[in-house]
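Welcome! Take a moment to look over the sequence and the 3D structure before you read on.

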Amino acid sequence: MKYPEVRNYMAGDYVDGDHDYLDVYNPADGTVISKVPLSSREDVDRAVAVAQAAFPAWSSLPIKERVQVFFRYRSLLERDIEELAALVTEENGKIYSEARAEVLKAMELTEFACSLPQIASGEVLEVSRGVECRIERFPLGVVASITPFNFPNMVPNWTIPNAIALGNCLILKPSEMVPLSAGKIAELLKEAGLPEGVLQVVHGGKDVVEAICDHSGIEAISFVGSTKIAKLVYRRGTANLKRVLALGGAKNHLIVMPDADTEMASSNIVASMSGCAGQRCMAASVMVAVSSTDHIIERLVEHAKSIVPGDNLGPVISAEARERIAGYVAEAQAKGAKILVDGRNPVVKGKEGGFWVGPTIVDGVTPDMRIAQEEVFGPVLVIIRATGLDDALAIENASPYGNAASVFTESGATARHVMERASAGMIGVNVGVPVPREPFSFGGWNESRFGVGDITGKGSIEFWTKSKKMTTKWNREHGINWMS
Ligand code: NAD
């Protein structure tokens, strides 16, 4: 094993425990690089107790002092970007430039947290003579963040800087498939001056997640992962009277109009469907081709064929994911769909043990096929033909998901029509991956998000704090009125 066994992190240090372990793979060659502990309810109890002990001191620091940690943390992310990106590549499989971009995004998220003293300040108004009403924000206490495999560095940084800068103590439960980046994040935060106990990392799977949902000492949970588990976490966490924001899976539709710029549409869509091996909740999944768009599809196919697994495309996360993806393609083919680019079973020399899937484009898909409805989560684009814009929008609107939707067109009127009518939380116009940059918040609609608010940016402030409304009277008049 290249790395020692992963350990939980509590009170500013790694801790040992008596656990069962799962193997951690390098998806590019299938080798076991580490082992991750399957922590227990007792580990969660311990993490909560440590966080509760740290909360009074941390939460009583002024926010301007708390964010100093994150100014330093941002510099450390920049200092160690090569090492952090290499770790992401190793445990997740994405190519180095994608892993580096992930860390750059983590830096941007941290910059936003550094601006919280300006953005999250309260409000005050003199509502009557000598009488002021004010709103101040207070942290919730101990909170938890449960994260998926596809962004081992960025997604934990969706929540850690904001939740902690706002005064909470946090328990991170990373994906058991990519546990290595979390330890490095904890180490950098310690180096940045985060006091002991403000961040705990508890590794594991279902048992840890259920213990988090059940623990009476945890006030709020943010979850990012598949819709199936998002629903479980949302139901269980809210049944235990916690605040929960659970982001789920996606099936993003990109509507392509005949007037779209051929080069922009084709290159952006291929980048969107194949980037990070299609394992992005913002990836292009369904291209809804409106009327005469064959010229764009021809170019799309050329772009897809220039993508080479092992060169400018990483593997998918596991052998199981590879089989699942191939299953969707085979089923669509059996039902009459036409494979324009077939990426199944590519051979990557020297890395034959890796979990490879090449870019795959499937045309002639109908909305009733499973590949058109379910999240495939691989470098696969399906094409559904539509006769007009309303037909295309009806196909998009019928999806139970609602993370992202895009339109490719040269017409402002068409673009506006789609911006208003697409049933998704994040919309792109001539953009393949419409991720809002900070300070705009990230969050979808429908079955891509359960709970209120967004996970990043300004939208996250409400989630990680509770407000107190205060009324004060400082005047020397003794009259009785409705403000008395
Ligand atoms: P996942 O749902 O399998 O796992 C997410 C987390 O849940 C992990 O920490 C995992 O340990 C835990 N978990 C898994 N099974 C569980 C169970 N039965 N009970 C309790 N906890 C359980 O997701 P994944 O495969 O790691 O990540 C990919 C998914 O995440 C995709 O669906 C993708 O679209 C989604 N995702 C969504 C967003 C978003 O912002 N909407 C962002 C990134 C990823």
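**A short tour of the model**

Sorted by class, the shell around the ligand is made up of 14 nonpolar, 9 polar and 4 charged residues. Keep in mind as you explore that this is a predicted model. Let's begin at the ligand, then turn to a helix, the cysteines and a loop residue.

**Around the ligand**

- The ligand has 27 residues around it, and those that come nearest are Lys173, Glu176, Ser226, Gly248 and Glu375.
- Serine 226 places a polar side-chain atom 2.6 Å from an oxygen atom of the ligand.
- Glycine 248 uses its backbone instead: an N or O atom there lies 2.7 Å from a nitrogen atom of the ligand.
- At threonine 147, a polar backbone atom is 2.8 Å from an oxygen atom of the ligand.
- How much of the ligand does the protein bury? On its own the ligand exposes 840 Å², and the protein buries 88% of that.
- Two elements, α8 and β10, each give two or more residues to the shell around the ligand.

**Helix α8**

- Helix α8 covers residues 206-214, and its buried residues are Val208, Val209, Ala211, Ile212 and Cys213.
- What covers these buried residues of α8? The cover includes the helices α1 (41-59) and α9 (227-239), along with the strands β7 (142-146), β8 (169-173) and β10 (220-224).

- A disulfide is a covalent bond between the sulfur atoms of two cysteines.
- How many disulfides does this model have? The count comes to 0.
- The sulfur of cysteine 213 has its closest cysteine sulfur in cysteine 169, and because they are 20 Å apart, that is too far for a bond.
- For cysteine 169, the closest cysteine sulfur is in cysteine 114, at 18 Å, which is also too far for a bond.
- Are these two cysteines buried or exposed? Cysteine 169 is buried, with a relative accessible area of 0%, and cysteine 213 counts as buried at 2%.

**Alanine 250, a loop residue**

- Look for alanine 250 in the loop between β11 (243-247) and β12 (252-256).
- Alanine 250 is buried, because its relative accessible area is 6% and the cut-off for buried is under 20%.
- Leaving out residues up to four places away in sequence, alanine 250 touches Cys281, Glu375, Tyr401, Asn403 and Ser448.
- Alanine 250 and threonine 227 are 23 residues apart in sequence, while their C-alpha atoms are 8.1 Å apart in space.

Note on methods. Residues are numbered from 1 along each chain as its sequence is written. This is a predicted model: local features need pLDDT of at least 70, side-chain atom pairs count only at pLDDT 80 or more; totals for chains, interfaces and linings use all residues. Side-chain values use heavy atoms; hydrogens and water are left out. A disulfide is a pair of cysteine sulfur atoms within 2.5 Å. Buried means under 20% relative accessible area, exposed over 50%, partly exposed in between (1.4 Å probe, protein chains only). Helices (H or I, at least four residues) and strands (E, at least two) are DSSP runs, numbered from the N terminus. Contact means heavy atoms within 4.5 Å. A residue is near a molecule or strand if one of its heavy atoms lies within 4 Å of it. A polar contact is a pair of N or O atoms within 3.5 Å; within protein, one must be able to donate a hydrogen and the other to accept it, and residues adjacent in sequence count only if both atoms are side-chain atoms. Accessible areas come from the Shrake-Rupley method with a 1.4 Å probe; for residues, only the protein chains shown count as cover. Ala, Val, Leu, Ile, Met, Phe, Trp, Tyr, Cys and Pro count as nonpolar, Asp, Glu, Lys and Arg as charged, and the others, Gly among them, as polar.
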